[in-house]
Amino acid sequence: MHQPVDIEQYGQYFITMLHFIKQLYIDTYKVIISPKEYFSTMPETAPRWDPMVRALIYGYISELFFHLQLAKPAAKFSAFTLIDPFIQLFVAALIIKAITSLTRPRPSYFMCVRCCVALMPFALVSALLGYVVSLYHVDLKIQISLQNLIGIYSMAISFFAFTCFLNKSTKFSYIIIFIGLILNVLALYWTWMGNLLDLYQSQMNLAG
């Protein structure tokens, strides 16, 4: 027998979806503009599906801008594109879980997942910036350098994630963030060194 459509239930799903989209926008704005306030007031609990959906949205949009930046059609997205954000999320959360377990208090793996998702807007901003800059035909290495600068900023912001949300000590957080900043600065340095080497070789070729 045909079951009647539960209009009220579907309406509730629609309201939940609208509330989620609104909250996603607010959280994305706050974590970029006022990260200390955001991580200080971020609730420790959330629905299990919440970080997964956020990761999919952030990851897919970032991947879209990355493909546009490299002039690749979005139609070439593979099935891996859909699971790639989850792989990156779970691996990053596992690393943070391993690092934060060195001292007390030891946060749960789910808290580490939520912490990583909260920092994903910076990847989206980086991909968007790369795409916008590419429209003006700026050298690819300069684009990568700008994106590395956003990576450095996001590493600095993650200090608040460690201290305010994961309840780690300031000294421990400084050490972890310092290591991350060094790695980002090295990546930026090698990008520029490669750029200078290319410039030197082109000048040598013209002189020859």
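Trainee: How does E37 count at 45% relative accessibility?

Mentor: Buried means under 20% relative accessible area and exposed over 50%, with partly exposed in between (1.4 Å probe, protein chains only). E37, at 45%, therefore counts as partly exposed. Keep in mind that this is a predicted model, where local features need pLDDT of at least 70 and side-chain atom pairs count only at pLDDT 80 or more, while totals for chains, interfaces and linings use all residues. Residues are numbered from 1 along each chain as its sequence is written, and side-chain values use heavy atoms, leaving out hydrogens and water.

Trainee: Which residue forms a salt bridge with E37?

Mentor: Side chains of opposite charge can pair when their charged atoms come close. The rule here asks for a side-chain nitrogen of Lys or Arg within 4 Å of a carboxyl oxygen of Asp or Glu. For E37 the partner is K30, with the closest N and O atoms 3.9 Å apart. K30 is also partly exposed, because its relative accessibility is 22%.

Trainee: How many salt bridges does this rule give?

Mentor: The count comes to 3. Another of them pairs D50 with R54, at 2.7 Å between the closest N and O atoms. These two residues sit in helix α3, 4 residues apart, which is about one turn of the helix. R54 also forms a salt bridge with D27, at 2.9 Å. That pair links distant parts of the chain, since D27 belongs to helix α1 (residues 7-33) and R54 to helix α3 (residues 49-69), 27 residues apart. Both D50 and R54 are buried, and D27 is buried too. Through shared partners, D27, D50 and R54 join into one network.

Trainee: Helices keep coming up; how many helices and strands are there in the chain?

Mentor: Helices (H or I, at least four residues) and strands (E, at least two) are DSSP runs, numbered from the N terminus. This chain has 8 helices and 0 strands. Of its 208 residues, 35% are buried.

Trainee: How many disulfides does a search of the whole structure find?

Mentor: A disulfide needs two cysteine sulfur atoms within 2.5 Å, and the search finds 0. For C112, the nearest cysteine sulfur is that of C116, 6.9 Å away. For C115, the nearest is again that of C116, at 5.7 Å. C112 is buried because its relative accessible area is 0%, and C115 is buried because its value is 1%.
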